Amino acid sequence: MTTDWLLSETLAPQVEGDLLAPLYEAAAHGVLALPFCGECGTPLDLDQQVCDGCGADEIAWRPVEPAGTVHSATRVHRREPGLVVAEEPYPVLDVELSSGHRLIMTTRTAPPGLPRIGDPVAVVFRELGGVSIPAAALTTPSTSEVTP
Ligand SMILES: [Zn+2]
């Protein structure tokens with residue numbers, strides 16, 4: 001089992017019975033699956049139970065293209081001893097996916113800088129306590145700070 005760069009594995013999500021179990025189960029196979037309305041196909045938020053578009057409460061998890069752009073980027077300075085293992089402030093990105101979903105994630109590895117709004121990202125996976133969770137990999141570095 002690999003060790004995550006950011007979080008203690010005690011923070012690994014409990015997959016079984018979790019609302020996001022379909023996400024974790026697909027991620028274990030390297031697939032990004034996200035929820036859509038089962039009636040009209042509107043992309044839903046991860047925890048959304050009722051469709052904004054048609055009011056249906058049927059959720060269909062489907063694979064999506066693991067690509068998007070940075071909608072916003074925040075550098076978090078707060079340390080949580082024993083939980084956050086990174087030594088430096090870490091990025092939290094709001095990624096707008098080509099599927100129409102928005103997903104909050106950090107990066108796959110500790111980045112030397114903060115991505116810029118509009119930067120393209122590929123959604124890959126980090127492993128936390130044996131659970132694969134989405135993480136951003138920058139696809140075209142836009143700043144001199146970004147890793148080669
Ligand atoms: Zn709908």
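This is a predicted model: local features need pLDDT of at least 70, side-chain atom pairs count only at pLDDT 80 or more; totals for chains, interfaces and linings use all residues.
Ser 72 stands opposite Asp 94 in β4. Residues are numbered from 1 along each chain as its sequence is written, and side-chain values use heavy atoms, with hydrogens and water left out.

Strand β3 (residues 67–76) runs antiparallel to β4, with 8 bridges between them; strands here are DSSP runs of E with at least two residues, numbered from the N terminus, and two of them pair if DSSP finds at least two bridges. β4 also pairs with strand β5 (residues 102–105), again in the antiparallel sense, over 4 bridges. In that pairing, Glu 96 sits opposite Arg 102 in β5.

How much of β4 is covered? Mostly: 6 of the 8 residues in β4 (90–97) are buried, where buried means under 20% relative accessible area, exposed over 50%, and partly exposed in between (1.4 Å probe, protein chains only).

## The zinc site

Four cysteines hold the zinc ion through their SG atoms: Cys 37, Cys 40, Cys 51 and Cys 54, at 2.2 to 2.3 Å. Donors are N, O and S atoms within 2.8 Å of the metal (3.2 Å for Na, K and Ca), and water is not among the atoms, so sites may look incomplete. The angles among the 4 donor atoms run from 102 to 116°, making the site tetrahedral, a label that asks for all angles of four donors to lie between 85 and 135 degrees.

Along the sequence, the donor spacing reads C-x2-C-x10-C-x2-C. Cys 40 and Cys 51 are 11 residues apart, both in the loop between β1 (33–37) and β2 (59–63). Cys 40 is partly exposed, at 41% relative accessibility, whereas Cys 51 is buried, at 4%.

## The annotated domain

UniProt, in an unreviewed entry, lists residues 61–126 as "domain: ChsH2 C-terminal OB-fold"; such annotations may be inferred rather than shown by experiment. In the model, this span is 0% helix and 48% strand, and its end C-alpha atoms lie 20 Å apart.

Terms used: Four donors count as tetrahedral if all angles lie between 85 and 135 degrees; four count as square planar and six as octahedral if opposite donors are over 155 degrees apart and all others between 65 and 115; anything else is irregular.
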